[in-house]
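Please look at the sequence and the structure below, and keep both in view while reading.

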Amino acid sequence: MRAKFNLGWPNGELVVIENVRHQRPVGQGFFHTGKVINSELGRLIYVYDCGSMQKYRAAREAEIKHYLFERGARTRLDLLFLSHIHYDHISGLEALLDTKSGLKVDTIVLPLLDMETRLISYVRAVSAEFSVAKDAFYQDLIVNPGDALARFNPRSIILVQPGDRPGAPGSGALDGPRDDPPEFPDIRAEGWKLVGQG
């Protein structure tokens with residue numbers, strides 16, 4: 001999909017921004033790629049989520065491989081947006097950002113989620129497909145998103161805190177970024193153990 005926007009700057013100059021987007025068919029999941037182009041400012045390459053459930057693994061891997069062929073191994077990905085950490089939205093990250101054959105990501109943006117929300121995401125994914133329980137990257141992402149994503153060597157990881165506090169997205173108030181970095185407690189003291197089914 002291609003969209004062009006004509007924007008006028010305060011000085012009356014006309015600026016054209018083009019957004020080229022591609023929703024990639026990966027089965028149950030989401031993998032959206034795109035670029036924003038401006039003739040004077042250049043282009044910004046982005047990916048919004050990258051994953052599918054395991055039963056669609058072949059489709060996911062084929063789409064990631066095709067995208068990497070289009071872009072070229074180790075080329076720059078300006079922004080990776082992760083809407084949330086459900087398995088079907090993040091399971092392709094390791095292939096997409098592989099340190100030898102994947103893209104080099106500059107900035108990763110995702111919501112700041114508390115441990116309870118992350119654990120619920122994990123349990124839902126495992127209950128839908130038990131094989132997800134063995135995915136080490138997904139376990140690491142649930143335990144500590146910052147550490148898990150740091151393995152891809154981004155320049156920055158931006159955690160967006162949801163809510164009604166001043167400055168939160170959608171609140172209408174601005175008070176700037178938090179000064180204190182978020183803490184992610186380590187829940188692996190006893191290791192991973194799944195009990196029961198369903």
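The protein chain has six helices and seven strands, where helices (H or I, at least four residues) and strands (E, at least two) are DSSP runs, numbered from the N terminus. This is a predicted model, in which local features need pLDDT of at least 70 and side-chain atom pairs count only at pLDDT 80 or more, while totals for chains, interfaces and linings use all residues. Residues are numbered from 1 along each chain as its sequence is written, and side-chain values use heavy atoms, with hydrogens and water left out.

Read from the N terminus on, the elements of the protein chain follow the order β-β-β-β-α-β-α-α-β-α-α-α-β. Of its 198 residues, 39% count as buried; buried means under 20% relative accessible area, exposed means over 50%, and partly exposed lies in between, with a 1.4 Å probe and protein chains only. Among the contacts in the protein chain with a separation of 6 or more, 61% come from residues 24 or more positions apart, a contact being heavy atoms within 4.5 Å.

**Strands and their pairing**

Two strands pair if DSSP finds at least two bridges between them. Strand β3 (residues 29–38) pairs with β4 in the antiparallel sense over 10 bridges, and these two strands form a hairpin with three residues between them. Within this pairing, K35 has I45 in β4 as its bridge partner. Strand β4 also pairs with strand β5 (residues 76–81), here in the parallel sense over three bridges, and Y48 stands opposite F81 in β5. To get from β4 to β5 the chain passes through α1, and this β-α-β crossover is right-handed; that is, with the strands pointing away from the viewer, the path from the first strand over the helix to the second runs clockwise.

The loop between β4 (42–52) and α1 (57–71) is the place of Q54. The side chain of Q54 is joined to that of R60 by a polar contact of 3.3 Å, a polar contact being a pair of N or O atoms within 3.5 Å; within protein, one must be able to donate a hydrogen and the other to accept it, and residues adjacent in sequence count only if both atoms are side-chain atoms. Not counting residues up to four places away in sequence, Q54 touches R60, Y87, E129, S131 and V132.

**The core and helix α5**

A nonpolar core is a set of buried Ala, Val, Leu, Ile, Met, Phe, Trp, Tyr and Cys residues joined through side-chain atoms within 4.5 Å. The largest one here has 35 residues, and those with the most contacts inside it are L80, L93, L96, Y138 and L149. Helix α5 (residues 136–143) gives the largest share of this core, four residues. Because six of the eight residues of α5 are buried, the helix is largely enclosed by the rest of the structure. These buried residues are F137, Y138, Q139, L141, I142 and V143, and what covers them includes α2 (87–90), α3 (93–96), α4 (115–128) and α6. The N-terminal end of α5 is capped by D135, which has a side-chain oxygen 3.0 Å from the backbone nitrogen of F137.

**Charged pairs**

Side chains of opposite charge can pair when their charged atoms come close. A salt bridge is a side-chain nitrogen of Lys or Arg within 4 Å of a carboxyl oxygen of Asp or Glu, and the structure holds seven of them.

| Salt bridge | N to O distance |
|---|---|
| E63 and R24 | 3.8 Å |
| R24 and E70 | 3.0 Å |
| D140 and R151 | 2.7 Å |

Which parts does the pair of E63 and R24 tie together? E63 lies in helix α1 and R24 in the loop between β2 (14–23) and β3, so this pair ties together parts that are 39 residues apart in sequence. Both E63 and R24 are buried. R24 also pairs with E70 in helix α1, so parts that are 46 residues apart in sequence are tied together. At 3% relative accessibility R24 counts as buried, whereas E70, at 44%, counts as partly exposed.

R151 counts as partly exposed, at 35% relative accessibility. Elsewhere, salt bridges that share partners join R76, D78, D106 and R155 into one network.
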